[in-house]
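Visitor: I'd like to look around a protein model and ask how you know what you say about it. Can you walk me through it?

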Amino acid sequence: MNNSFIESQFPVSKISKESYKERKAGASQTLTGLGKWWGRKPLILVRATILGLLMPKSEEPEIDREIFLKILTMDDEGLWQRKNKKLKIEEVLDNLTAGEKVKYFDSPENNVVWDWKNHLRKEEKEEVEKMAFSRLNYDDQLTYCLRPEQVDGPSPEAWKEINKHLRTNAFSLQELVEELGQREFGNTPRVGDAFAGGGSIPFEAARIGCEAYASDLNPAAALLTWASLNIIGGGKEIQEKVEKAQEEAFDKANNQITEWEIEHNEKGWRADAYLYCIEAQSPATGYWVPLAPTWVISEKYKVCGVLEPDHENKRYRIKIITNADAATFKKAKEGTVKKGRLICPETGSETPIATIRGDRKVDGKTEYGLRQWENDDIVSRPRDTFQERLYCVRYIETYYTAKKEFNSGNRSWKKKAQLDKEEAENLKDLYDLLDSKILKKEFRRHYVEPDEEDLQREKKVIELLRERLIEWQKAGYIPSKKIERGYNTEQPIRERGWTHWHHLFNPRQLLTIGLIMKEILVQEDEAAAGALLAVGATVDRHSRLCGWDPHISKGPGTTRNVFYNQALNTQYYFGCRTIEGLRDFLISDFPKNKSFVEKNSVITSDAKTVSVTSDFWITDPPYADAVNYHELGDFFLSWYEMPIQKLFPAWYAESKAALAVKGNGQSFNQSMVECYSNFTNHMPDNGAQVVMFTHQDASVWADLALILWASGLQVTAAWTIQTETAATGIKTGNYVQGTVIMVLRKQTSEEIGFLSDIQADVEYEVKEQLKFMTEVDDKDDPNFGDADFQLAAYAAALRVLTGYKSIEDINVTYELSRERKKGEENEIQKIIESAVKVAMDYLVPGNFEERYWRKLGAEERFYLKGLEVEEHGEYRSGVYQEMARGFGLREYTHILNSSKANMTRLKTPIEFKNKELGSEGFGKSITRNILFAIYETYKTEDPQMGRNWLHNELPGYWENRQLILHIFNYIHLNATPIEHWQKDIVALELLKGFVENDSI
């Protein structure tokens, strides 16, 4: 049954690099512009997964790999085809031999740079560039290339080779998918995803020619998926129709705001940002203290707020300073709230914010003290604990500069004269003057403390919203739903007393978005649905939860996204954009794709009840995930709910968060079994499933194995792809950066297994898997890293376990239903962990002889293997965790210099010094003594002192001398390329020479 390419091998290294390139594309990713959703998988990973399932493996695995790379345009010719940037001459020269340089270039004379020989034709230069390009490593090549999705697929020449190997007659990905699907299933292959989320799986499936079925419990996710398929995949005509609808809605709302005069001041300047903060009374003084972790507004332009006490009113003025001096700017960085505590500006005393809120413990439970807001509350009431205050407005002044002397009407202006906006726009020939570049339109930014007129405009905004609130809520222009309590949704209720979703937006934000919604919903259905998503993209950047980012890279400063750290964090100070600042989110610029709209179906549905049969189910379930999608998704759904009822009458529109698969434990396990049993029942016997998840803990694997096994599935392969960039912002800890893709088939065996026999089967399967991977791997361009071999051991163990109908000693139902104590291991977990031990025993490091490896202790093996891992550039903590598990180590951090998520590495000899030297285990080992001898050599600058240590303190020095030399040579080979080892290497080389020449 395991007859597909992905079940035998997978180019994980190249797909990881392509995935990373796609992630780094940011807003230019194909689906990102539709709106925020969490955990969208890279389209290249989805494409590779589907094609890997469809492509049969042959008896020639190396050719299989070459053909698969051709299909994905990841081979040499495909990369050249995707190349869209020219190499610099320096880059070409760096990748030519001396003879080739002389042949194609004139050598520099008198400091003149290298240049092409005059007689070379364009075609010859291109061939030389192609030769140099082929010698770059894959990462460097990608910097010059488009993504695979941005080209039409393989070249005609590549298709000839693909067709010959696969016995097909295709000249596009869609034709190939159709042929392979017909061969395997007798129909166009259907791909189903019942946890569709942001829609990347069904979108890419449909784009390459599959029929796509998608569903999601959350209607907001279903809307995103529908848009990916029907707008991005709907072709140019529908994309232009939606863009036009968005533009019309924006223009009408913009005109209304201009007419109301709520974003312009008396000078004609238009605001482009409003900054608000929370105020609370200091228990020490009774003064109302503005709260912010920093009063810096723009680091680049040295703009900040300075607090000045207003003793008469017991509050503070916030004076806005531009080009602040160093002392003022330093003081502004201190802020008035730190680590959840109010810092009194007068006394310096600290008061926990929880105390100010009035939170208290009653019978061991916390009761929160804030007044709960009601539906018609859009600002704080006068007696509320927290008040909201506008403290800075950033205005844009428009003016015109004369680039030369000119006349207009009865007046003349000299060169460099400046005209204000009103004066210039009264010129009858203004546009002629601009076209001829006599006048230039320019802008000047002003940061100001709000004056009385600004505050009056704030009052007007509140009045305008109050007049429309109930009517707009009834019409669905702004939310009216209450916030359902949950782990994340409890936060705004607890910390601000906000009980409804619209409380997360201030009056100016509600008024702006409400105007947009009003104009969108008068559009035709298709255009309105597409335009509606622009509102979702907007509210993520236009809320009371949008903190202000003054970082120097942001220039004048800007608002953060609501979900910059995947939570509903309330802010002490926040930024509010004006409608002009929302233009890029409200008006989409869709990537133009060919239409494939007819090959998809999207519904709102619980995954447990889907009734569509799919040849492949590819899912990314919310497995034991820290992100509560079911709660956070309601932030967007609160805006979409009523429009969805109108635009998609066949869908339900209300939140189904209560039904979501979430958390862990018995109920979660049961929900997962129901979902995956349902998929298995709606899949042909020769169909397959792929489960994508991001956990490397053996207990998680064990639980997932039991869930899938109980769902009638057997694991056939697993691979890990690096899909995530490093964590930023406040998101810290050991966050996994890779996505595991687990391939499964229907469980068809009737055989019953016994734990007493399974261990030997697992050991054999692990060794066979690793043997195949090492044989098929490209030695010059390695595809598999250390993490991939560890993962392969997991997958091999699961293949054995799930290959049985049942195992006599394991009651799957019982294991899934019982609550386990922390740290308790079940039999499945023990088998999985034993598989990693087998792998670590099998994977003797390169350049280390097996006969010597067998003499080392577990901690020595961990250190020396870790050195090879480090030399490969691998610093993910999960790799070291798995390696430690494989060597049977429960504690290993004493060997590490750092255990941070993506900065994990070993201590060097100099960093070790004499720590734990002589203690049991690693402290008494040969390897640890060698490391200390290197340190002694470094410290004394005398290799004889290092050698003396080995002579006098290392028992059995002479008997183990060959092993000692082998370890020296191994460390030298692997550590020399590592930057932070350079001082150690100098000492090592001195000491190694002494030991090599040692004699009795």
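Predicted model: local features only at pLDDT ≥ 70, side-chain atom pairs only at ≥ 80, totals over all residues.

Visitor: What makes the radius of gyration agree with a compact globule?

Guide: For 1000 residues the rule gives a value near 30 Å, and the protein has 33 Å, so the two agree. The C-alpha trace spans about 100 × 90 × 75 Å along its principal axes. Within it are 37 helices and 31 strands.

Visitor: What share of the residues of the protein count as buried?

Guide: Of the 1000 residues, 56% do. The cut-off for that word is under 20% relative accessible area.

Visitor: Why is T680 called buried?

Guide: Its relative accessibility is 6%. T680 sits in helix 24 (residues 666–681), and it touches Q689, S711, G712, L713 and K746, leaving aside residues up to four places away in sequence.

Visitor: What makes the pair T680 and Q689 a polar contact?

Guide: The contact runs from side chain to side chain at 3.3 Å. The limit for such a pair of N or O atoms is 3.5 Å, so 3.3 Å falls within it.

Visitor: How do you know that the length of helix 13 agrees with what it should span?

Guide: Helix 13 (residues 236–260) has 25 residues, and at 1.5 Å a residue it should span 36 Å. Its end C-alpha atoms are 36 Å apart, so the values agree. Just after this helix, E261 takes a positive phi of about 60 degrees.

Visitor: Which residues of helix 13 are buried?

Guide: Among them are I238, V242, A245, A249, F250, A253, I257 and W260. Their cover includes helix 12 (219–232), strand 5 (270–281) and helix 18 (452–475). Here's a handy idea: an α-helix has 3.6 residues a turn, so residues three or four places apart point the same way.

Visitor: Which residues have the most contacts inside the largest nonpolar core?

Guide: They are F10, F635, W639, Y640, F862 and I971, in a core of 252 residues. F635, for instance, touches partners including W501, L504, F505 and V562. A second, separate core has 19 residues, including V296, I297, V303 and I320. In soluble globular proteins, nonpolar side chains tend to be buried together.

Note on methods:
Residues numbered from 1 in each chain as written. Heavy atoms only, no water. Core = buried A, V, L, I, M, F, W, Y, C linked by side-chain atoms within 4.5 Å. Buried < 20%, exposed > 50% of the residue type's maximum accessible area, 1.4 Å probe, protein only. Contact = heavy atoms within 4.5 Å. Helix = DSSP H or I, 4+ residues; strand = E, 2+ residues; numbered from the N terminus. Polar contact = N/O pair within 3.5 Å; in protein donor to acceptor, adjacent residues only side chain to side chain. Rg over C-alpha atoms; globule rule 2.2 N^0.38 Å. Expected span 1.5 Å × (residues − 1).
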